[in-house]
Amino acid sequence: MSLHVHGGVMDLGTWNSDRDKIIRLDGEWEFYWDKLLTPDDFRKQAIPSVPSDLTYVKVPSTWNGNNVDGMKLPEYGAATYRMVLKNVPYSGIFALKKTNIRFSSRIYVNGQELLEDGLPARNAQAYESGNRPQTGIFSVDGGQIEIIVQVANYDYINAGITVSLLFGKEADLLDRQQKELAHEFVMLALLGTLALIYFICFIVAAIYRKKDYSLLLLALMCLLYGLYNGLMGERPLFLVVHGISFEALYKFKDVLSIISCMVLAIFFYYQQKSIISLKLTQSVSLILGVFALMIPFLSISQYTVIQYYIVIFYSLLQLWLLVKAAYLFVRSEQANRLKSLLLCMAVLTVNLYSIDAILFSISVIDNLWGGQYCVILLNIIMIFLVVLRFFEAYHTIDEMKNELLRLDKIKDEFLSNTSHELRTPLNAMVNISESLLRGVGGLVNDAQAQNLTVIMNSGRRLTHLVNELLDYSKLKHGDIKLHHSELILNTYVESVIQLHQFLLTGTNTKLVNRVPEYLPLVYADGNRLIQILHNLIGNAIKFCDQGVVEVSAAVAGDWVEVSVSDTGIGIDVDMQERIFWDYEQGGHVGTTHQGGTGLGLGITKRLVELHGGEIRVSSNPGQGAIFIFTLPIFPEKQKKPSETTMRTIEKPFPPNFGMSHWAYPLTIEGEKQEPILVVDDDSANLQSMMNLFKLEGHTIIVANRGELALQLLSRHDLFLVVLDITIPDLSGFEVLKRIRERYSPFELPVLMLTARNRSGDIRLAMELGANDFVDKPFESEELMARVRSLLRLKSSVKLARDAEIAFLRSQIKPHFLYNALTAIAELCVTDSVRAEEVTLQLSRYLRNSFDFKQLDALTTLANELELVKSYVAIEQARFGNRLQVEYEVDADPDLLIPPLMIQPLVENAIRHGVRAHSKVGRVTISVKEPGDGKVVLHIEDDGRGMSDQKLFAVLNPDTAAKGIGLWNISQRLRLLYGTDLRIESKEGQGTRIEIVLPATTFLRKGV
């Protein structure tokens, strides 16, 4: 089981040392800022009363940036950590290992000093740095163990216990330490051996008067990397050298890091001059060399500030080298393809090593093993490159000509697929310019500056797209800019499958989505992901006339592996490599032409690779095919806080404030109190629509996510939803489907707005319940005309419903008043008290029935039952004991229900069920909330009942037109909730009416 520190305490009562040999002391530790407390300080009085400034921090983590008593902690200072291990189930000798505590520490265990590294102090003058991996051994007789850690830092950019402290039995911890040290020494020996091999190769080549300085640089690079790794992690070189201060060794490590970057730049210059120029190499060497010379003469805290920018500088340099190497690989001729690939992989391993070292330095990871393996892989690649330098070849001019012709052939297809992208930013600029000319916000002000910013950004985007259309090589080279965001893979797959399933209606092909909902978020471009899925699913359907096309996914390390499989005809073995070539997307078994006429799979491969993933195919002829591609998992550290804070934008808009920086949802108040919900994730389109709606005086609420839009449905009485199909989390189809589960098209119109104007999208949207559809880019007059039409529809339905409710409330049958007054007159003679009570009940009944002020469509359950009881009391005054009414109410009296929903049904039960015969009649009224998300109403009588023909006649509008009938109530239920009455009736046995309403359509009073 997982053990964790909670409130400064870890309970080891369930610890099994045979299963969990080593425990990470992770969790919430007690934390005392600006204090270096000893065990004596904690013995004086009971904790937490002393010290009084007790707080908790997460371990491992850095303290800088944490808030303590409203103060944001700096990186420099001192603090004390404390935790207790309770219920230690064993007695014996234990060990505690600290790996990385920045940047000096002292550890006490059960009141005794166990480890000291440097000299912690509350000021920089008395402080000494020290950060070596250490293991302390102590004995315990069971019970509990108190661990106190004093930490001080006045050198490094972050401070605290940044790597987990390890606890366990002495033998287990020492065994782990020995293995880690052995691993470090093996890596050191291996790099030293490689350095020696490269140096020997250089000497041998020099003997034959062919000095290859890249070999000498490789030898130097291996030596530098070996020494650098020996001073990181477990720091094995610290065990070899003695008498040298930690500060000196730490500076030596940083100097090695800088020099290795210099050597790296020079090496790639000698290896491939087209990757890095001579001037850039000289500039890099000068900058890094000057900084390396500065390190010995500055303190750690002084040069660390500069080192921050140096790290950024050489990280950008390495990234540039990777881009250039990838560019050369893509553009390389066939003869140089392998060499270019190896060079690209070499630069990639260097980047991965740098990333690993940076992550280790900022305490994201606790070891450098990944980086060390990257160095070994780099050397393996270098050995291949050294060999390949003697076997280089080039493509012929004829092959280059053929490549240009091939690119020219696919140009038209490429332009066709991307031309619609040009229209959206251009249209945004036109609409926003039009809104400015019409005077949004009055005179020229900051709001117009905001619009000009949007126009400028849209212009840049348009220019970028034009350049991409004119140069297809950017797609080939992976230069297309992706708009990454965190995406829920399941919803994107479901959206694409819904569309294809809709188009496959009537066929024998079944589409299945087996992507788990619990998968981590993927980090990808939403539009490109949809394109990838469309291509792969469409290809599977093309070669699977009947059977199953299934999409599944699973986590594989830092990636999500997505599989699209089919049970179709399969792919020939010799075509499985060619299938991703341009114009080679055919080639399945049984096709007469072993080649396609499109680019779908070729573009899919490039798009997957642009995301950093890879794609492959596996197939056996006659058994279907499986296409597998990978997408990166969204890194946790990049997640942003939830953007659900309400924000009202006043006129004019805030100056120079981009849409991308606003917190959603946005609320813009207008003169017309008919709220419109706009759901889109494109800032330019949102800005354009906001201007148009503002000119019309509409109140709008803006959301950029599907889930947020669904939340807003329950908070506001909306008149219209303008919904984009392609939104990041849920697809527009899914949002529309869930809206229609709750609202009919008359209750809440939905206008679909999207650039995906394919006929299949339009058909599916209309089938799911959309009221109207507008293509993006839209014409402003067309959009507003459709909006006005749908708003009139909503208003007309609301007016008709309110008028109907008013009519129902005011409709009192004359003979009912006559019978009631006659009963009161008779009671005045026989029972005056009873007469007074019936008169009061009649008064309540008339007051509720003639209440014209409340024309809304809902009333409380308590009010409706009060009206029913008044009516029943009047009828019981007439019929006495012949009429018995029972109430079974197990529901919230403040529950809101449609008015005149129960009383007319009770009236029908009494009039047509009980009063129709002379015997005693019983009516049962039941309102219950069974707890399954529904509200159930039952009206039951034991009267004469109805035949099937009579029931049909009662529900016919022509029959029910004379009064308040079952048809009227049935129509209201269909309009409000999409449900109907359930009537069970048998002649001579009575009638039972049931109404089941979804609880989601109800609001609690006051909410």
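The following dialogue explains how terms are applied to a predicted model of one chain.

Colleague: How many helices and strands does the chain have, and what makes a run a helix or a strand?

Modeller: The chain has 28 helices and 36 strands. These are DSSP runs numbered from the N terminus, with helices being H or I of at least four residues and strands being E of at least two.

Colleague: What makes Arg106 and Glu113 a salt bridge?

Modeller: A salt bridge is a side-chain nitrogen of Lys or Arg within 4 Å of a carboxyl oxygen of Asp or Glu. The closest N and O atoms of Arg106 and Glu113 are 3.9 Å apart, so the pair qualifies. In general, side chains of opposite charge can pair when their charged atoms come close. The count by this rule is 24 salt bridges.

Colleague: How do you know that Glu609 and Lys605 are about one helical turn apart?

Modeller: Both lie in helix 16 (residues 600-610), and because they are 4 residues apart, about one helical turn separates them. Glu609 is partly exposed at 38% relative accessibility, and Lys605 is partly exposed at 27%.

Colleague: Which parts of the chain does the salt bridge between Glu940 and Arg992 link?

Modeller: The closest N and O atoms of Glu940 and Arg992 are 3.7 Å apart. This pair links distant parts of the chain, since Glu940 is in strand 34 (residues 934-941) and Arg992 is in strand 36 (residues 990-998), 52 residues apart. Through shared partners, salt bridges join Glu940, Arg982, Arg992 and Glu994 into one network.

Colleague: How do you know that strand 20 and strand 22 pair?

Modeller: Two strands pair if DSSP finds at least two bridges between them. Strand 20 (residues 559-566) and strand 22 have 8 bridges in the antiparallel sense, so they pair. Glu561 stands opposite Thr630 in strand 22. Strand 21 (residues 615-619) also runs antiparallel to strand 22, with 5 bridges. There, Ser619 stands opposite Ala625. Strands 21 and 22 form a hairpin with 5 residues between them, and Gly622 in the turn has a positive phi of about 85°.

Colleague: Why is strand 22 called mostly covered?

Modeller: In strand 22 (residues 625-632), 7 of its 8 residues are buried.

Colleague: Which strands pair with strand 15?

Modeller: Strand 2 (residues 22-24) is joined to strand 15 (residues 166-169) by 3 bridges, and the two run antiparallel. Strand 8 (residues 92-98) pairs with strand 15 in the antiparallel sense over 4 bridges. In strand 15, Phe167 is the bridge partner of Ile23, and Lys169 is that of Phe94.

Colleague: What makes a set of residues a nonpolar core, and how many residues has the largest?

Modeller: A nonpolar core is a set of buried Ala, Val, Leu, Ile, Met, Phe, Trp, Tyr and Cys residues joined through side-chain atoms within 4.5 Å. The largest has 72 residues, and Tyr198, Tyr225, Ile258, Phe268, Leu288 and Met382 have the most contacts inside it. Helix 5 (246-271) is one of the elements that supply at least two residues, and helix 5 gives the most, with 14 residues. A second, separate core of 52 residues includes Leu499, Met690, Ile727 and Val750.

Colleague: Which residues does Met382 contact?

Modeller: Contact means heavy atoms within 4.5 Å. Leaving aside neighbours within four places in sequence, Met382 is in contact with Tyr198, Leu218, Phe267 and Ala346.

Methods
Residues are numbered from 1 along each chain as its sequence is written. This is a predicted model: local features need pLDDT of at least 70, side-chain atom pairs count only at pLDDT 80 or more; totals for chains, interfaces and linings use all residues. Side-chain values use heavy atoms; hydrogens and water are left out. Buried means under 20% relative accessible area, exposed over 50%, partly exposed in between (1.4 Å probe, protein chains only).
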